[in-house]
Amino acid sequence: MADKDAITKEYMQDNKIFADAFNFYMYDGKQVIKPEQLRPLDTTAIALPFGNDFNAKPVQKYRDVLKFLTAMTDDNVAYVIYGIEVQSKMHFAMPVRNMLYDAISYSNQVEETAKIHRKNKDRPGSQDEFLSGFYEDDVLLPVITLVIYFGADEWTAPKSIYEMFSTKDPYILKFAQDYKINLIAPASIADEDFAKFSTELNQALKYVKYSSDKDKLRKLVNEDSAYQNISRKTADMINIVTGSELKFENGEESVNMCKAIYDIREDAKLEGKLEGKLEGKLEGTHDANIEVAKKLLILEKLSFEEISSICSLSLEEINKLAKETLKQ
């Protein structure tokens, strides 16, 4: 679990990936948020209740990824705080958790504004402003938190505080404030909507969506040419999150996911052959079967005749491979 959380947090730190997630969710894929407009913020959130009560206990939480945006919109400068929370498992109190994160962010803004007034020795216009530390013309920056679920199944945990309440009484709900989470869950994304992502977050989330269905996953990877040349960063994240156990060569900057999946399939067949669980021949190409034959020769568990039969290679080819392979 720790590995999954660590690698997804690191993955979402990338400004391009981060912006892509929000552009997909908020703007239907339009490139409104630019990566260069984002800068990282400290993910440690600490807040004290308002006032000067020295007995108050600080609340400390750690956000997954937090960034600050500065952008021009309609000739005005827009400042927004964006946060991403990554989940490899469903969190059944996510609305409460996110509500607390956002509340701490707003609380910190109020406290910081009050500190600035005190430092600058600003004179408040009223006693009310003095007591609150937040003056009439002060403003808050919007805080928007997005949850990204890196799981293949549907998100069935609550998406709002209302869903967590014990009562559905409309009179009570009318006055009890709701809080809804913003959520990206691969299982809920229509196949045609993945194209609204502009980065490899497209391939990553699509792979996660079908990771529990081997046939659909194999079809996806074979039909989408993007998987033939995907960055190592994305491939490693996919591998750990889905537990695919794909093997990549060290030092590769990009990988072919199609080949990696094919190799796993052939290795599984090979293990079955060695354990006597499968019958028939391997279905790979001639070159692929040569690679399998080399592995079998190194293991020295089967005769040349058996390897020839399994790999659909002539005995002459096996003898030649043995001379080349066993020399190394």
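Modeller: Let us begin with a term. A polar contact is a pair of N or O atoms within 3.5 Å, where, within protein, one atom must be able to donate a hydrogen and the other to accept it. Please keep in mind throughout that this is a predicted model.

Biologist: What makes the pair of Asp 224 and Lys 206 a polar contact?

Modeller: The side chains of Asp 224 and Lys 206 come to 3.3 Å, and the limit is 3.5 Å. The pair therefore qualifies as a polar contact. Asp 224 is placed in the loop between helix H7 (214-223) and strand E8 (230-231). Setting aside residues up to four places away in sequence, Asp 224 touches Gln 203 and Lys 206.

Biologist: Why is Asp 224 called buried?

Modeller: Buried means under 20% relative accessible area. Asp 224 has 17% relative accessibility, so the residue counts as buried.

Biologist: How do you know on which side of that cut-off Thr 199 falls, buried or exposed?

Modeller: Thr 199 has 16% relative accessibility and therefore counts as buried. This residue is in the loop between E7 and helix H6 (201-210). The side chains of Thr 199 and Asp 20 are joined by a polar contact of 2.5 Å. Neighbours within four places in sequence aside, Thr 199 is in contact with Lys 16, Ile 17 and Asp 20.

Biologist: Asp 20 belongs to H2. How do you know that the span of H2 is close to the expected one?

Modeller: Helix H2 (residues 15-27) has 13 residues, and from its first C-alpha to its last it reaches 17 Å. At 1.5 Å a residue, 18 Å is expected, and the two values are close.

Biologist: What caps the N-terminal end of H2?

Modeller: Asp 14 does, with a side-chain oxygen 2.8 Å from the backbone nitrogen of Lys 16. Just after H2, Asp 28 takes a positive phi of about 55°. Within H2, the buried residues include Ile 17, Phe 18, Ala 21 and Phe 22.

Biologist: Which residues touch the most other members of the largest nonpolar core?

Modeller: That core has 45 residues, and Met 12, Ile 84, Ile 148, Phe 150 and Met 257 touch the most other members. Another core, of 12 residues, lies apart from it and includes Ile 310 and Leu 313. In soluble globular proteins, nonpolar side chains tend to be buried together.

Biologist: What makes Asp 64 buried and Lys 9 partly exposed?

Modeller: Asp 64 has 8% relative accessibility, under the 20% cut-off. Lys 9 has 31%, which lies between 20% and 50% and is therefore called partly exposed.

Biologist: Which residue forms a salt bridge with Glu 85 at 3.0 Å?

Modeller: Arg 63 does, the 3.0 Å being the distance between the closest N and O atoms. Glu 85 lies in strand E5 (residues 76-87) and Arg 63 in the loop between E3 and E4, so the pair ties together parts that are 22 residues apart in sequence. The side chains of Arg 97 and Glu 85 also meet in a salt bridge, at 3.4 Å. Salt bridges that share partners join Arg 63, Glu 85, Arg 97 and Asp 102 into one network.

Biologist: Why does Glu 85 count as buried?

Modeller: Its relative accessibility is 0%, so Glu 85 counts as buried.

Biologist: How many salt bridges does the rule give?

Modeller: The count comes to 12.

Conventions. Residues numbered from 1 in each chain as written. Predicted model: local features only at pLDDT ≥ 70, side-chain atom pairs only at ≥ 80, totals over all residues. Heavy atoms only, no water. Helix = DSSP H or I, 4+ residues; strand = E, 2+ residues; numbered from the N terminus. Expected span 1.5 Å × (residues − 1). Buried < 20%, exposed > 50% of the residue type's maximum accessible area, 1.4 Å probe, protein only. Core = buried A, V, L, I, M, F, W, Y, C linked by side-chain atoms within 4.5 Å. Salt bridge = Lys/Arg side-chain N within 4 Å of Asp/Glu carboxyl O. Contact = heavy atoms within 4.5 Å.
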